[in-house]
Amino acid sequence: MSKVTKAFLGIDVGTTAIKLGIIAENQLLYQTAINLKTYVEGPIKYQQSAELEQAFVQGIKEIPTELRQQVGIISFSTAMHSVMPVVDGVKGKIFIWSDEQASQVIEEFKHTDLAKHFYQRTGTPIHPMSPFAKILYFGQQKSYPKNVHWWGIKELLMEYFTGKARVDYSIASATGLFNLETQKWDSEILAYLEVAPKQLAELTDTTAAFPIHSAAAANLGLPAEAKVIAGASDGCLTAYASFYRTGNTSSLTIGTSTAVRNITEQAHFDEEKQNFCYYLDRKHYVIGAPSNNGGCVLAWASQAIGESATFYQQLPETLAAAPLGAKGLRFFPYLNGERAPFWSSNKKAEFKHLTIEHTKADMIRGVLEGMLMNVRILTGMVGARGALSVSGGFFQTAALTQLTADLLGLSCMYAEENEPLFGLYYLIQQPERIVEAGKTFVPDESRAKEYQMLAKEYFKE
C-alpha cells in the first residue's frame, strides 16, 4: 500500500448504520459500514449510546493499521434531531428523529402564538421530530431530574474524540433551540422549556478544529497529532456533496423517506408551510422540505398491489402498461402522516376516483404519480429550478428517474458522489472543484405539460 499523508477519516452516523470512509486527494481509499439497532416500543424509538460507541470504535479498529496511522483529520456527519438525556455523566438511550412521544404535546403547541415565533427564530419546523418537541414533552412528564444534560449523537462523538461535549451549528440549527441569527442557544426558547444553557453542549462552527483526545488516539490507533473537526448534519452534507460535484444548488433524495434541498446564501423561512432552514457554514444555508413518504410507499405497493418478488424489475413494463394520469386515478401518498408542508401525523393515504376500469398497472402508476406529485409541492416550497441532483435507491431505476423528470418538469442528474461522507470531505478540505455532469434525464416536453396541468387539480378533495 502506497503511503498516504494527511488522510481524511469521515464518520457518518445515520439512523440505520455507521459508515466510515478514508479519503485522500479526492479518492476514496477505504469504506465500511456497521449496522445500528433501533429499539421500537410503541411511539418510543431509540438507540443505545453504548452500542453506538461500540460500533464506531469497532469500525475504526478494523481500518488497516497503516492507513489509520496516516489520518490527519477526523470529522463527523450525523443524523439530525437526536436527544440523549445524560444524568450525572451516565449516557443511555438516544431518542432518534422518528420518536413520536411528543406528537400530542406538539400538536397542542402548534396552536399557540409561540409556534410560528419560535420557528422564525430557529428555522426548525414545529414537529415531534425536533429536540425542542422532545424536551418539551419530557419536561411536562418530569421524566428527568433538573440537572439532566440534553445531548445528541454529535455530542457523544465529540466528547469521545475531544474530551468535551460539543455540537456544531448545523446540528444545533435542527434542534429548535438555536437562534440562526445570533448563532447561540436561544434564551427565550430555553426559558420557555426551563432549560439552562449549561444543560446543553458547547456550540462550535462546523469547520472548527480541536486536538484529538489522547485516550481516544491511543485506544483507536490514530495519530496523536490528528485534528478533530465537528462537521455537520447528514442532510446538509448530502446537499453540499451534490452541489460541489454537479453545480446544481437543488437536490432531491428519495430513500425510505424523501427530502428536497436547496443550497442558498441567505436564511429563508415560510411561516405557513415551514420549510426547514439549517446552517452549513459561514457562506451557506440549506433550506428544504422533507416527506415521510418516499420509497416506503413503493415498498408498501410492492406488497399490497404488486408481485413483491418481481415488482421492482417489472416497474418499467408496469408504467408502460398504464397511461399518464392513470385513467383519472388519484393517490394521496400519506401512508406515514406527513411532514412538509402539513407537519401532521394525522394525514392519511387514500385512492380517489377508483373504478372497475382500473387495472393493477393503473394503481401502481397512480401510487408513483401521487408520491411524486407530493414531491412537486416540496420542490415549489424550496424554489428548486433548473436541474435537480438526485440520489437514493429510487433512482437506481431509469424509468423512475425519467418519470420524476417528466412529472416535476425538471432535469434530473444522478450525482455519483452524493454521500454525506463526500460532503464532509468537500466542506472541510475544499479540494479543487471538478464539476462533473452525471447521467441526466431531461423532461419530455409533452408529458411535462400534461403533468403541469394535472398538478393544478391533483390534491383537490
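Predicted model: local features only at pLDDT ≥ 70, side-chain atom pairs only at ≥ 80, totals over all residues.

What follows sets values against definitions, one label at a time.

Q: Why is Asn374 called buried?
A: Buried means under 20% relative accessible area, exposed over 50%, and partly exposed in between (1.4 Å probe, protein chains only). Asn374 has a relative accessible area of 1%, so Asn374 is buried. Asn374 belongs to helix H13, residues 360-382; helices (H or I, at least four residues) and strands (E, at least two) are DSSP runs, numbered from the N terminus.

Q: What is Asn374 in contact with, leaving aside its neighbours within four places in sequence?
A: Contact means heavy atoms within 4.5 Å. With neighbours within four places in sequence left aside, the contacts of Asn374 are Ser291, Pro333, Tyr334, Glu338, Phe342 and Phe459.

Q: Why is Pro316 called partly exposed?
A: The relative accessible area of Pro316 is 34%, and therefore Pro316 is partly exposed. Pro316 lies in helix H12, residues 315-320. Leaving aside neighbours within four places in sequence, Pro316 is in contact with Thr397 and Ala399.

Q: Which way do E17 and strand E23 run, parallel or antiparallel?
A: E17 and E23 (residues 387-391) run parallel and are joined by 4 bridges. Leu252 has Val390 in E23 as its bridge partner.

Q: What makes helix H15 mostly covered?
A: Of the 10 residues of H15 (residues 420-429), 9 are buried. Among them are Pro420, Phe422, Gly423 and Tyr425. Just after H15, Gln430 takes a positive phi of about 45°.

Q: How many disulfides are there by the rule?
A: A disulfide is a covalent bond between the sulfur atoms of two cysteines. The rule asks for a pair of cysteine sulfur atoms within 2.5 Å, and the count comes to 0 disulfides. For Cys277, the nearest cysteine sulfur is that of Cys236, 9.0 Å away, so Cys277 is in no disulfide. For Cys412, the nearest is that of Cys296, 19 Å away, so Cys412 is in no disulfide.

Q: Why is Cys277 called buried?
A: Cys277 has a relative accessible area of 0%, which makes Cys277 buried. Cys412 is buried with a relative accessible area of 0%.

Q: What makes a space a cavity, and what makes it a pocket?
A: On a 1 Å grid over the protein atoms alone, a cavity is a set of points where a 1.4 Å probe fits but cannot get out, while a pocket is an open set with protein on both sides within 12 Å along at least five of seven lines; lining residues have an atom within 4 Å of a point. Grid points are joined across faces, edges and corners, and a volume is the space filled by probe spheres set on the points.

Q: How many cavities of 30 Å³ or more are found in the whole structure?
A: The search finds 3. The largest cavity holds about 150 Å³ of space. It has 20 lining residues, and Ser82, Pro131, Trp151, Glu155 and Thr175 are the closest to its centre. Helix H6 gives the most to this lining, with 3 residues.

Q: What is the volume of the second largest pocket?
A: The volume is about 340 Å³. Helix H5 gives the most to the lining of this pocket, with 5 residues.

Conventions. Residues numbered from 1 in each chain as written. Heavy atoms only, no water. Pairing = 2+ DSSP bridges.
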